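Me: I would like to learn how to read a protein model with a ligand in it, one feature at a time. Could you take me through this one slowly?

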Amino acid sequence: MRLKRKGEKGEMGKVAIYPGSFDPLTYGHIDIVERALEIFDKVILAIAHDAEKKPLFTVEERVEMAKTIFKDNPNVIVDSFKGLLVNYVEKTNAKVILRGLRATSDFEYEFHMASMNRSLSTHLDTLFMMTSKDYFFVSSRTIKEVARLGGVVEGLVPDLVARKLKEKFKLPLPKRKLIGWED
Ligand code: PNS
């Protein structure tokens, strides 16, 4: 995907690339996207084929879920990329990589990744946004674990994601109010 340069017809304004595994997308991610749209005109949610972890959902499944979730927001573009993130970002002409930070424990990994990306592509910057207090404990990894063991993830991920997790883990969809969850 190539974004138009400033002044070019159809130029997209200020764009941030929000890369990740999004396996699956959580309300923590959505919160970052929504807040980033206060600063940027467009956010490209870029789902990586080449992340280190073994994913639960295929890239195609994750792209489809994210497209459905953001279908009413024309300023969010859902895409996927293969290979190095910096090469993908270069093709879009965006200058900013956006990442969420939940806790200091995220910092080391993020610092290394941002530094490596900066060394590969010196004109790209990584912008960090603190995850909001409502979601700082939410990660895709813990969401998968809780869902796999039959716990409640509704309220932490969109309903579509909660449903897809149950399908993946072949769990029944809940018919009653679940213990430990308050509206
Ligand atoms: O959500 P994640 O898994 O923390 O996201 C990590 C991701 C996908 C942003 C990172 O693994 C990545 O950029 N992968 C693409 C390959 C790449 O560029 N690796 C070098 C980064 S130092």
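Reply: Let us begin with a polar contact, which is a pair of N or O atoms within 3.5 Å. Here an oxygen atom of the ligand is 2.9 Å from an N or O atom in the side chain of Arg99. Taken alone, the ligand exposes 540 Å², of which the protein buries 82%, where accessible areas come from the Shrake-Rupley method with a 1.4 Å probe. Please keep in mind that this is a predicted model, in which local features need pLDDT of at least 70 and side-chain atom pairs count only at pLDDT 80 or more, while totals for chains, interfaces and linings use all residues. Residues are numbered from 1 along each chain as its sequence is written, and side-chain values use heavy atoms, with hydrogens and water left out.

Me: Which atom of Ser21 lies 2.5 Å from an oxygen atom of the ligand, and which atom of Asp50 lies 3.4 Å from a nitrogen atom of the ligand?

Reply: For Ser21 it is a polar side-chain atom, whereas for Asp50 it is a backbone N or O atom.

Me: Which residues come nearest to the ligand, and how do the residues of the shell divide?

Reply: A residue is counted as near a molecule if one of its heavy atoms lies within 4 Å of it. Of the 14 residues around the ligand, Ser21, Lys53, Leu85, Arg99 and Tyr109 come nearest. The shell divides into seven nonpolar, four polar and three charged residues, where Ala, Val, Leu, Ile, Met, Phe, Trp, Tyr, Cys and Pro count as nonpolar, Asp, Glu, Lys and Arg as charged, and the others, Gly among them, as polar.

Me: Which helix gives the most to that shell?

Reply: Helices (H or I, at least four residues) and strands (E, at least two) are DSSP runs, numbered from the N terminus. Helix α4, residues 104-120, gives the most, with four residues, and the protein has six helices and five strands.

Me: Is Val43 buried or exposed?

Reply: Buried means under 20% relative accessible area, exposed over 50%, and partly exposed in between, with a 1.4 Å probe and protein chains only. Val43, which lies in strand β2 (residues 42-48), has a relative accessible area of 0% and is therefore buried.

Definitions and conventions:
A polar contact is a pair of N or O atoms within 3.5 Å; within protein, one must be able to donate a hydrogen and the other to accept it, and residues adjacent in sequence count only if both atoms are side-chain atoms.
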